[in-house]
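Please look over the sequence and the 3D structure below. A short report on them follows.

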Amino acid sequence: MATEADKHLRKLALSVLVVLLALALVGLGAFASFTSSTSAAQTLSTGTVTIALGATGAQTNRLTVNASGLAPGDSVQRSFDLSNTGSLNLASITLTTAATTSSLLDTDATNGLQIAIDRCSTAWTESGTSPAFSYTCGGSTSTVLSTRAVIGSNIPLAGLGSLTAGNTDHLRSTLTLPATADNTFQNLTSVVQYTFTGAH
């Protein structure tokens, strides 16, 4: 006949067995699970915004060719190419002109130098000898900048093909000293710097 001590031992052994079984089941739950995963890699890079003038001094960029001996009513024409050599299309191209050497020629907005810019659908045909160049267009012409005072900041340029990456515009600037320029304009010198800015 089992004693109280034997009964107690059996109950204790049974309790330990239940605890061990529970731990074993928890362990099995930790290691027996279903998993799945997937992944992808993406490369990102930026484009470039680059506008450029033609070769300095060549017909594709006569903006550096000086002019002297101007009289009221005279005009100076210079051809230049403007190219979008970047990889991105542009939303706008603007022109800023500044006088690095200043005089009444650039400070008088009415009687001083006036600028206009035209575009030719083909390269301009150049005639004359330096610095007295003149140009004709064998294609169609359009106005990029209507006549205005030569000095200005962030002046919008219209109708440019170079807004599109890889395109080049054939342009001609015309600087005119108005016939209204009086004797106070004699023997003056201004140096005008042109800065073209493209924005995406």
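Ala67 sits in the loop between strand S1 (51–53) and strand S2 (75–84). Helices (H or I, at least four residues) and strands (E, at least two) are DSSP runs, numbered from the N terminus. This is a predicted model, in which local features need pLDDT of at least 70, side-chain atom pairs count only at pLDDT 80 or more, and totals for chains, interfaces and linings use all residues. Residues are numbered from 1 along each chain as its sequence is written, and side-chain values use heavy atoms, with hydrogens and water left out.

Is Ala67 buried, exposed or partly exposed? Ala67 counts as partly exposed, because its relative accessibility is 39%. Buried means under 20% relative accessible area, exposed means over 50%, and partly exposed lies in between (1.4 Å probe, protein chains only). Leaving aside neighbours within four places in sequence, Ala67 is in contact (heavy atoms within 4.5 Å) with Val76 and Arg78. Ala67 and Ala132 are 65 residues apart in sequence, yet their C-alpha atoms are 7.9 Å apart in space.

**The chain as a whole**

The chain has two helices and ten strands. From the N terminus, the order is α-β-β-β-α-β-β-β-β-β-β-β. Of the 200 residues, 30% are buried. Take the contacts between residues at least 6 apart in sequence: 78% of them join residues at least 24 apart. The accessible surface comes to about 12,400 Å² (Shrake-Rupley method, 1.4 Å probe). Carbon and sulfur atoms hold 57% of that surface.

**Strand S9 and its partners**

Strand S9 covers residues 168–176 and is mostly covered, with seven of its nine residues buried. Which way do S2 and S9 run? They run antiparallel, joined by nine bridges. Two strands pair if DSSP finds at least two bridges between them. Leu82 stands opposite Asp169 in S9. Strand S4 (residues 114–120) also pairs with S9 in the antiparallel sense, over seven bridges. There, Asp118 has Arg172 in S9 as its bridge partner. In a regular strand the side chains alternate between the two faces of the sheet.

**Nonpolar cores**

A nonpolar core is a set of buried Ala, Val, Leu, Ile, Met, Phe, Trp, Tyr and Cys residues joined through side-chain atoms within 4.5 Å. The largest one has 25 residues. Which residues have the most contacts inside it? They are Ile117, Leu157, Tyr194 and Phe196. The elements giving two or more residues to this core are S2, strand S3 (92–101), S4, strand S7 (141–149), S9 and S10. Ile117 touches residues including Phe80, Leu95, Val144, Leu157 and Leu171, not counting residues up to four places away in sequence.

**Aromatic pairs**

Rings of Phe, Tyr and Trp (its six-membered ring) pair if their centres lie within 6.5 Å. Planes under 30 degrees apart count as stacked, over 60 as edge-to-face, and the rest as tilted. By this rule there are two aromatic pairs.

| Pair | Ring centres | Plane angle | Class |
|---|---|---|---|
| Phe80 and Phe196 | 5.5 Å | 40° | tilted |
| Phe133 and Tyr135 | 6.4 Å | 40° | tilted |

Phe80 is buried, with a relative accessible area of 1%. Phe196 is buried too, with 12%. In the other pair, Phe133 is buried at 10%. Tyr135 is buried at 5%.

**The disulfide**

The structure holds one disulfide, a term for a pair of cysteine sulfur atoms within 2.5 Å. Which cysteines does it join? It joins Cys120 to Cys137, with an S to S distance of 1.9 Å. The link is right-handed, with 80° about the S-S bond. Cys120 lies in strand S4 and Cys137 in the loop between strand S6 (134–136) and S7, so the pair ties together parts that are 17 residues apart in sequence. Cys120 is buried, with a relative accessible area of 1%. Cys137 counts as partly exposed, at 22% relative accessibility.
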